[in-house]
Structures are given as C-alpha cells and as structure tokens.
Amino acid sequence: MKNVRVIYEKNGPCKYISHLDTNRVMLRAITKSRLDIWHTEGFNRHPYITFALPLSLGFSSTCESMDFRVLNDEEDLAAIPERLNACLPEGIRVLSCREAVHKPADIESAKYEVKIEPLNNGEISEEELKEQLSAFLALPEILVDKKTKKGMKQVDLKPYILACEPQDGEGVRLSLTLPAGSTLNINPNLLLDAFAEYSHTELYCEITRVGIYVKGGADFV
Amino acid sequence: MYPKEIEKLLLKVQKPGRYVGGELNAVVKDKRAVDVRFAFCFPDTYEIGMSHLGIKILYSLFNEKPYIWCERVFAPWIDMEAEMRAHDIPLYALESGDPLTDFDFIGFTLQYELSYTNILNMLSLGGIPVLAKDRKELDHIVVAGGPCACNPEPITDFVDIFFLGDGEEVDLEVIELYRACKKDGRSKDEFLRLASQIKGVYVPALYDVTYHEDGTISAVTPKDGAPAVIEKRVMMNMDESYYPDNFVVPNIEIVHDRAVEEIFRGCIRGCRFCQAGFLYRPVREKSVECISRQCHALCQNTGYDEVSLSSLSSSDYTQVVPLLRELNSWAKPENVSLSLPSLRVDGFTDDILDEIKTVRKSGLTFAPEAGSQRLRNAINKNVFEDELMNTCRIAFEGGYTTVKLYFMIGLPTETMDDVAAIAELGRKVVDCFYQTENRPKGKSPRVTVSASSFVPKPFTPFQWEPQDTMDELREKQQHIKNSITTRKITYNYHASDTSFLEAVFARGDRRLNAVLLEAHRRGMRFDGWSDCFSLEKWLEVFDYCGIDPAFYANRRRSFDEILPWDHLDYGVTKAFLKKECERAYNSEASPNCREKCMNCGALKYKGGVCYEKRQSDL
C-alpha cells in the first residue's frame, strides 16, 4: 500500500462547487476509473480520500492536492492522472501523481493571484483603484472581523500579509501570500472585503491559488 | 459552457454550481453541424430537475441522433433570476450557454401543476413570447409532455404541441417532421397540422371548446382534420425500449444523487386516488437480464455507487428476489448499494430485506394512505392492518427502529372516525415494536405519520369528486394531531392551500389560461415552494379574472358531464372509471391486474400484464 498524492487544477465550472461537492466528484471519478484504492472498512464502505487544504467556493487553483492509498505497490503512478482525467468533469484536471512527501500539517502558507475589478462601472477608474489599493496596503494596521471557533474576533491582518506585490497585466492584479493550514488560515477574501469597504467600491475578485508551501517556503508535495 | 458575463453574478447567489454546466457526460456538439436544437426545460430548480428520470432518458435518446443537439435548461432560483433580469441576461441552456431564442424546440416536462407559472416565467426569461399565437414562425416550437399532459387545458394558450403517453418514439417523429418542414420551407401552421396527424400528438390550437351557461363544457370540436380523440403512445417492449447507459453526473448534490433504473412501467394496483396507476397502463416489465445489464453500465459510466430501482411499486416486480440476487452478484463486490423505493406493505419479505440490507440500511417508509380498513377498501389500497404489523415486525427484527407512514386526508367517503384511525394506526406500530421479541435492544421506535391533502386527478375513478375545502382539511389535520397521545410519533402535515391550487389546475379547463397569464404578469413562480407561494395573491388573481377556483376544486361533477380532458385517450375507459367510483362508494375494493382483469380498456395495447398468465389460470 502506497500513500499517493495527486495535484490537480480546479477552474471553469468547477470553480463554483463547494469542497464537499468536490469530494463527491472525486469519489465518483475514482470509482469510475476503477483505480484500486483503499476503502474504509465500516458498514458503509467507501474509497478513502483526503484533501490537504480545502479551497473556498469561487476560487480557482493550479495546485490542489488529494491523497489516497493505492493497494497495489506496483501501480504505475504516472498513468494515474490520465486515468482520473477521463472520469472527471470539465474544470478539474489532475496534473501529477506521486508518493506523498509532506504531511498536510506541514502546510504553512499559500499564494494567491488576485484580479480586482470594480463592479460599479465607470465610477472609479483603474488608476484610482490602484492608488487606493497602495494606500490601503500601506495602512499601519488592517482590522477585520474574523469568524473563529469562539465567535467573531477582531484581528489585524497586517502582520499576516507574508508577501503582497502588484502584478503586471490587464486590470488591477495582486500576488498575495497568506498563512494557510490547520492552525492559522487567512482567507484572501478577508483582506479583499476590507479593501472593498475601505475604497467604498463593490469589487469582483478573481482569485486563483497558485502555490501551497511548507515551512521554509518549499512547495507542498 | 455558461455565458462569460454571468461570472460576476455567480458569487452573489446561492449554489452557483446550478448555473454552470460542464458536468461529466454532458453532451456538447457543434451547433453548425446539427439541424435541430432542442432545449429540454425542467420548470423547477437544477437539483429537482436533474433528479428526474424522464429528462435523462430523452436527453440521451435525442443526442444519439447526430442531427439533434438536446440541451438542459432549469428554472433559476429567485436570487439568480433577479440578477439575470437586472443584467439583461436571457435564460440559457447549460451545454452551450446559448439563450432559448437559439432553439428550434423548447420542451417542458409537466410533472405537476404548481410548476405552470415557472413555464411562463422561463419562456419570458428566455426572450420567447409566452403566448403560442405570438410565435408565428417555424421556430421556437414549445412542446410539453409528462403526466400533466393528460389534462393540459389550463396551458393550451402557451404550448404548441403536447405529447401524450411515453415519449420515446413520438418526440422523435415530431422532431423529424419539423426537420422536413424546415427543409421544405413550410409554415408553422402547416407543421402543426401535419403533426396533429401523428398518434400521441395533441395540437390544442386545432380544437375549439364551447361552454354551457353553467360553466361546464358543451363541446370540443376539432378542425383542420385533427383527430376527434387523441390517443396516448405506449412503449410495449420495455427490454427493447431505449434506455441510456449514461447519465449526466451533476457536480453539486441533487435530490436523488444516484443511478436510477426503471424496472417496469405502470402499476397493477389501481389505487383509486393514484393518477399514475391509470395513466401508465398496462404494466410492462423489463427482464432481469436487461435490468442488470443496464444498471451495471450506468454504474460504470457514472461512477455512482448507489442504484435505485424505480417503479410505481417495486415489490410488484414479478422476479423481485431473483433480480436483487442477480444485481448483488456484481453490486456487492463492487461496493454498489441497491435501494428499492416504493415498497408495498404487503410486498416486504425477509428475502427482500436480506438482499437490500446487505449494503446499506436506512429508515423504512410505507404508505397505508388511509387509517381505517373501510376507507382503504374505498380507495382500493389493498393493504391490511395485519400485513402492516407483520411487515413492521420483520423490519424491527431486522434492526430498523424508524418507520415512516404516509397518509392522505380528504379522501372521498372519509369520516372523522377514518381520520382518527390514522393516529390509531401509528400507535399500533409503536406497540408492535415493543411486542417484537428480537427488537433492537435499548432503543425506542420513531414513527413518523405524514398526512397530505388529497387532490382529485383526471383519469382516476375520483375525477368527478369534489376536493375537501381548506377549512375541512385543516379540521382533519387538527383532529389527527389531537388524537396522537404518544411522543414516539412525530406528526407532519402539509399546508392545504397548495393542494387547493393543485386541485384547481389538475382539473381545469381552457379558461384558466387567462389566470396563469395574469399570475405570471404579477411575477408569480415557484408555487410549489413555500418560500414563494401565496394563496392570497392567487385568490386576488382569480378574483381579477372573474373565475371561481371552487368551481374546479370543490365541485362534484356529474358522471355525464363533458370533462376538459375527455378528448384525450389514455387507454382506460370512462365506463371503467365510473364503475370503480361506484365501487368506492360501496367501500368495495377491486382485485389487481394479476388477480383479475377489471376490463379497464388497456387490453387494446395488446401486451404487458394483460397478456401475462394469471395465477388463477395456472
């Protein structure tokens, strides 16, 4: 039995399905692909799969991971992406498959690319929005209400912004690195909602997760 | 693929996965390479529509033809509708993202009456004129089929063509005719006239309806050579009838998220309240081999690990135990579970329990429908109390603790004693649990009693009956509530006001078209959803249109009245329905099709159960 990890991208129509739905889509793809993987042994047996870092509904990603255990040690891991892709809907594509190296608990941060667009057409120009964004990011503290297990709590996001750089290209673009994982996870929407409030502008943000990192900044593999 | 401009709206609405398509097995074709584009519209949400078997069958059937591209369209929920209207985005099909105006056919399935306003709303959202007379060209042909097509009179102003009965052949014949008419440059009127000659096709524009002064119908007169009586279509050989080996697999969770296999069409029982039991006669079974092969292919092509065996009464399948054994021969090793809905109280045996228990265990649901034996006889629900108790005992011994019981109130001939007997029957099931020796130890039973309000339907022996008024129904609901004395019973009941509206449209005539149009103008839709339904608003519409809804819901018809659906032929004769109604008045049950032929008329289809050997003949 081998612990394997597939890395997949999620975009297009699959951007709009929740984590729970993604789980179901993956289970059916595995069943349909006839990949011989370990099943739970309870009364209601089902293929056992885990996801390291759930992705919010509405986000795209180029670096999602799913783990399972293949029963056959001789299984050709290189063939698995193609086998699964034949069974997956438009918008989820497996890119690679290999034995898992890191544990999900090793995850420390994630990088997002964000494209910001004002929804109230014409009221604010791209240049103005860019200026507002620089001013916003230069604030000494960015206080937001964050939902925690103990209720709403006010937190300052500023120290959590591990990296934040404007990106070239059409529109207002940002590359953003934030803490991620089971101990501390900051959703980029927290920051973007705070910016919307700050700029008094309704925003449409396209968010793509482009990297998941472990301690020291290495890719989670 | 969804239109790009909706991306900005999607994150503002609930469950955006409803609106994007792109599912596994969805069919995408090159629109330039097809002759006919068919928008299959389900007048309810994605989760409801995607659970419907008929759309799956016809979607695959149409798309097997290289010259047809069939796509799916669902009613957007009210939040999405508001966004679409605010941003001028027309209703689009999920496969191409193209608006309804790009389609040759706009087809609706008529599953129940409260979805009629959604049909109008979907047409208008798609930019299609809602009135048939305003669609003058040979395109955007609005067609409809499904159970409510048996009395389509309330929506004849909006729909060009109705398909009666099984759609597998007739739909294709009409599409083929359209293709030919299009090629020959014929007009819409010529096409409709030709279509009306096809068996199973009802073109309402070719019939004039006149009324007596008292509001009843005086005559239905065909014109332009349309047939006086329109006969339903039936697929007689179910093994050879088309069945998909592939379903579109939704990305988001839907109501029935599993593979579905139809095991037979029709029902032998003839429960007098049940429209499906008369519309789909005669019973036609698939063979065990055919079912097993189709199920296996479906599981392999979809990745589903659950199969539901669909029919009106699964335990009436003649080979039910051999079927379950055959299915389990591959299902068990492949971790596929089987579910057998619509089990009858008297059809539940140890053998069946053993086979379905092997994989998964859920609660059990039975529908005695009425509390007293007298009333069960009157409605011809041939289920006896000792059978129910025996079944519950088997279930409790098998480890079940939850039993749901479904009943109806407002049935013809019902008295308050019959109503109280519902609570009494629930109590007896609770007692049965404690009297079962091998019951699950340390657990207490949970019995759910649900009571819905009876709606008299066309083509049933109760088609002449008045529905109880809403006050009477409410009184009966309270009477059950007051008669329940144990907390082991949970009592559910449904609002009677939606049943009232359902009753109006179920047996309505053409004058209700005006009511629907006005309701649509006032923004009404999703009447089947309590979030949207307002009886008050509907009563205002009826009042505005000068129509008394009680005329349709609460009036007793005489046996010789011309009913709005009398020119449609579903195989069962009016004489038979009348005889069954009279037996109901005498609280007299009728034998089922396998016990004795009651001469309903379906024999003329020359097959199915009518030609099976009866036990009494052997």
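How many of the eight residues of strand β9 (residues 172-179) of chain A are buried? The first legend below takes this up; please keep in mind that the model is predicted.

**View 1. Strand β9 of chain A and its partners.** Seven of the eight residues of β9(A) are buried, so the strand is largely enclosed by the rest of the structure. It pairs in the antiparallel sense with strand β5 (residues 107-118) of chain A over eight bridges, and here you will find Glu113(A) opposite Ser175(A). Strand β8 (residues 163-167) of chain A also pairs with β9(A) in the antiparallel sense, over five bridges; Ala163(A) has Thr177(A) as its bridge partner. Four residues lie between the strands in the hairpin of β8(A) and β9(A), where Gly169(A) takes a positive phi near 110 degrees.

**View 2. The largest nonpolar core.** This core has 154 residues, and those with the most contacts inside it are Phe68(A), Phe105(B), Ile106(B), Ile161(B), Phe191(B) and Trp538(B). Helix α6 (residues 167-183) of chain B supplies the largest share, seven residues. A second, separate core of 38 residues includes Leu53(A), Cys63(A), Ile107(A) and Ile124(A).

**View 3. The surroundings of Phe105(B).** Beyond its neighbours within four places in sequence, Phe105(B) is in contact with several residues, among them Val36(B), Arg37(B), Ile141(B), Val143(B), Val174(B) and Ile175(B). Follow the rings, too: ring pairs link Phe105(B) into a cluster with Phe38(B), Phe40(B), Phe62(B), Tyr178(B) and Phe191(B).

**View 4. Aromatic pairs around Phe505(B).** Over all chains there are 29 aromatic pairs. In one of them, the rings of Tyr116(B) and Phe505(B) have centres 6.1 Å apart and planes at 80 degrees, so the pair is edge-to-face. Tyr116(B) belongs to helix α5 (residues 116-125) of chain B and Phe505(B) to helix α16 (residues 496-506) of chain B, so this pair ties together parts that are 389 residues apart in sequence. Both Tyr116(B) and Phe505(B) are buried. Phe505(B) also forms a tilted pair with Phe542(B), at 6.5 Å centre to centre and 35 degrees between the planes. Because Phe542(B) lies in helix α18 (residues 535-545) of chain B, this second pair ties α16 to a part 37 residues apart in sequence. The relative accessible area of Phe505(B) is 2%, while Phe542(B) is buried at 1% relative accessibility.

**View 5. Arginines over aromatic rings.** In chain A, the charged end of Arg69(A) sits over the ring of Trp38(A), 4.7 Å from its centre. In chain B, look for the charged end of Arg522(B) over the ring of Tyr544(B), 4.9 Å from the centre of that ring.

Technical notes. Residues are numbered from 1 along each chain as its sequence is written. Chains are lettered from A and ligands numbered from 1 in the order in which they are written. This is a predicted model: local features need pLDDT of at least 70, side-chain atom pairs count only at pLDDT 80 or more; totals for chains, interfaces and linings use all residues. Side-chain values use heavy atoms; hydrogens and water are left out. A nonpolar core is a set of buried Ala, Val, Leu, Ile, Met, Phe, Trp, Tyr and Cys residues joined through side-chain atoms within 4.5 Å. Buried means under 20% relative accessible area, exposed over 50%, partly exposed in between (1.4 Å probe, protein chains only). Helices (H or I, at least four residues) and strands (E, at least two) are DSSP runs, numbered from the N terminus. Contact means heavy atoms within 4.5 Å. Two strands pair if DSSP finds at least two bridges between them. Rings of Phe, Tyr and Trp (its six-membered ring) pair if their centres lie within 6.5 Å; planes under 30 degrees apart count as stacked, over 60 as edge-to-face and the rest as tilted. A charge sits over a ring if NZ of Lys or CZ of Arg is within 6 Å of the ring centre and within 35 degrees of the ring normal.
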